[in-house]
Amino acid sequence: MKKKNKLLLIDGSSIAFRAFYAIPGSLDRFMNKNGLHTNALFSFHRMLENEMDKEKPTHVLVAFDAGKTTFRHAFYQEYKDGRSKTPSEFKEQMPYLRELLQGFGIPHYELDNYEADDIIGTLATHADPAEFEVVVVSGDRDLTQLAKENVRVDITIKGVSEIEENTPAYLMEKYGLAPHQIIDMKGLAGDSSDNIPGVTKVGEKTALKLLQEFGSVEGVYENVEDMKKSKLKENLINDKEKAFLSKKLATIDTDSPIEVKVEDLAYKGKDISKLIEFYKEMDFKSFLSKLDTTAHDAENQVKREAIDYEVVTEVTKEMFGEKGAVYLEMLSDNYHLADIVGVSWTNGAKIYVAEPDVALFSPIFQEWAKNPSNVKQVFDAKRTYVALKRYDIDLESIHFDILLASYILDTNDNSKDLSEVAMEHDYYDVASDESVYGKGAKISIPNDANVLYEHLARKAKAIAYLSEHLIAELEKNEQIELFYQMELPLSMVLAEMELTGVKVDAPRLLAMKTEFTARLQDIEQRIYQEAGEEFNINSPKQLGVILFEKMNLPVIKKTKTGYSTAVDVLEQLSAQAPIVDDILQYRQIAKIQSTYVEGLLKVIHGHTGKVHTRYVQTLTQTGRLSSVDPNLQNIPIRLEEGRKIRQAFVPSHEGWKMFSSDYSQIELRVLADISGDAHMKQAFIDGEDIHTSTAMRVFGIEKAEDVTSNMRRQAKAVNFGIVYGISDYGLSQNLNITRKQAQQFIDTYLDKYPGVKQYMEDIIKEAKKDGYVTTLFHRRRYLKDINARNFNLRSFAERTAMNTPIQGSAADIIKVAMIEMAKELKTHQLKAKMLLQVHDELIFEAPEEEIPALEKLVPEVMEKAVKLSIPLKVDSSFGDTWYDAK
DNA sequence: TCAATCACG
DNA sequence: ACGTACGTGATTGAA
């Protein structure tokens, strides 16, 4: 029979403790920005969600143990003695557990002198069986004594999510005991964790046997004289007092003087704002972003402030002010192609929403967009600019971009979702895109147009609000300049580069495709022959079986899931079987074919024959750009076979050339500058080959001619290592030498370059003190693990602390150069277009007659972009295709 | 959706 | 003793 009500009683103390140990080694991974451990909170949260979802209780309570002493101590001083001290990492989380419960809207209770068990026992026992079904959750088996017809006791087995459901029937089946006999079991067997003595030499097994025969502790002692002489009998008689004491200790008081009544425990749902506050404080970002979608049911609806907006079918002048926010909605990432499904904007006083055609084809809207005296605030300037450009609308005077600002404030805030960015900055009045449009393949405009309109209106409002708010944050971080002089202007430069696009010689790619297809088939057949069977060469799993099981080649490296078949492994196996070289060859060509030939063909825009990458400006942790759809920053160059792909990148006009300029050793130059190391600086000032120079110092060689190519190679690897945040292991892997030798190299290097050594030490110290490191232009990267106790996490953070200012400052420099370059092309009225940025190089297309001008202008601009204490050096080249610009 | 692999700086 | 070089994106196969 189904009961009207369900009461969920959670043993908070026990579950919290279990939660603390639930995920092994989780201690250092779960820490909030203030260094508070959060692992127990995280696991407790998961358990709560699971239970609430599964049980859907009408009433709920979390009970805690109160203080150290209980009524049990009154008759047994040693109760719970001998427990090891609770770790401070656990204790510090307990106050926040109560905050979590408040967020969930779950009451908690504790009672002086009593344990959580007693509170739970009292409530469970007295809940009217006609009305209440009761579920108890604990990590402590003792509580199974509470099981009865309407009371189920869930005990956590592993972690906090796997549970064993104890009903009287289950206990009978598993132990042959009724619930109340669990107490007798403790009486006889004791419990070392609570320091309950029990009878000497009697454990669970013996106790079970005795209880099956005599029913209870009392029963055992009524019959103890009749037992035949044995050690057990002797122990029972000697420990009679202990047995009864133990039974008393293990007995849950089901009549404790609690002041809560079941009726008070009615569940009223989550307190969303408290919960948001809690998630933010704990840095539980995934929960924060899920909150909207989990709040579908009406009773858990997120409470947002009401919003006033107008849906317009005609645009008038009064709708715009001198300053305002504008938002274009697109449901897919690629704004070069995506449909605009709605437009919203605000003039500061009122908010307007319009169907795309209403706004985009309105002369008044167009005029507002391109009038520089109307200042605009947006979310993702580049996206907005490019999308409007497709309608021939120039968006001028973008004054603020909350996505870009949010990224600058914290490189971890790089969500594409406006509501997430807003929440990161304490603004909660926008729904997540997922909750409005759905996710994955099911993304679509909501059936009710008003849902869309309100969503867009809220976005416009959020942009306007946050624009004002985030400027103050940038100021606090001394990042106003970084934002206004670098990132915001750069976003416009990037927009133009993306819109220009790069011409791709499709017939050339198609010819390559035909050739590669034939070669792949050829190698494929050979591999099958050598393997003696056909299999999927692209599957590392199947390949592993062939190589290491069928052919019995030695296993050199393993991955998490099986054998590693990565290049470095295969190269070591190459001598042992001809199949290995064929596989390497196959891999190489298959990669070029699928990623570059076919991949590029797929993204060529039909009418222009160009590819239009998107530079992601708000993603990397260092300040670099990234390039997607297609990625034009990883076009092959190292191996000739792949390098030929570059022949397909051509100028978009007849008689034009591809032109390329790249910084020479920019990262090492940056290191020389920021470390101030005298020797390194001198080498650059003197225009020396830096790797040769390093080899000379490290190997103690007088003349550059005497540096062998091998020495230079090793010195180069050490230089790389220094930039990456050196470790002996990493270097040893790279150079294929022992760790000892690698460490020797590093020690010598740091000896010879004391300025670098000092820098590495200082930057780590700085990171530990501030919690972040910065670049030349005040870009910031927070390193949450820099003070972690976990060696790996801490080491990684330390290497990052060393690397980020180097990589990040180099990124700053080329960004400045790009902005300058765009300006210069304009002022010199050159036809040349900047097309690509690949971290330390810029690629242009230009009429042949402009090449001499570029050869002078581009290096000059790049070298003078930023003044360092050492010179920057740029090399240039040009040719008919990207391949030839080498 | 994740892991493995490999392309780039 | 711990187990790693720094920063990315696309494709593939296997759940």
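In which sense, parallel or antiparallel, do strands β11 and β12 pair, and over how many bridges? In this predicted model, β11 and β12 (residues 398–401) pair in the parallel sense, and three bridges link them. One place to look for this pairing is Q377, whose bridge partner in β12 is F400. If you follow the chain from β11 through helix α17 (residues 381–389) and on to β12, you trace a right-handed β-α-β unit.

Strand β11 (residues 375–378) also runs parallel to strand β8 (residues 323–330), to which three bridges join it, and here the bridge partner of K323 is V375. Over residues 308–475 the chain is 41% helix and 17% strand, with the end C-alpha atoms 31 Å apart.

Turning now to the DNA, 37 residues surround DNA strand C, and the closest are S539, K541, S626, R781 and F796. Among the atoms of DNA strand C that lie within 4 Å of the protein, 59% belong to sugar or phosphate, while the rest belong to bases. In D629, by contrast, a backbone N or O atom lies 2.8 Å from a phosphate oxygen of DNA strand C. Several elements give two or more residues to the surface near DNA strand C, including α24 (540–550), β16 (626–628) and α35 (791–827), and the largest share, seven residues, comes from α35. By residue type, this surface divides into 21 polar, eight charged and eight nonpolar residues.

Methods. Residues are numbered from 1 along each chain as its sequence is written. Chains are lettered from A and ligands numbered from 1 in the order in which they are written. This is a predicted model: local features need pLDDT of at least 70, side-chain atom pairs count only at pLDDT 80 or more; totals for chains, interfaces and linings use all residues. Side-chain values use heavy atoms; hydrogens and water are left out. Two strands pair if DSSP finds at least two bridges between them. Helices (H or I, at least four residues) and strands (E, at least two) are DSSP runs, numbered from the N terminus. A crossover is right-handed if, with the strands pointing away from the viewer, the path from the first strand over the helix to the second runs clockwise. A residue is near a molecule or strand if one of its heavy atoms lies within 4 Å of it. A polar contact is a pair of N or O atoms within 3.5 Å; within protein, one must be able to donate a hydrogen and the other to accept it, and residues adjacent in sequence count only if both atoms are side-chain atoms. Ala, Val, Leu, Ile, Met, Phe, Trp, Tyr, Cys and Pro count as nonpolar, Asp, Glu, Lys and Arg as charged, and the others, Gly among them, as polar.
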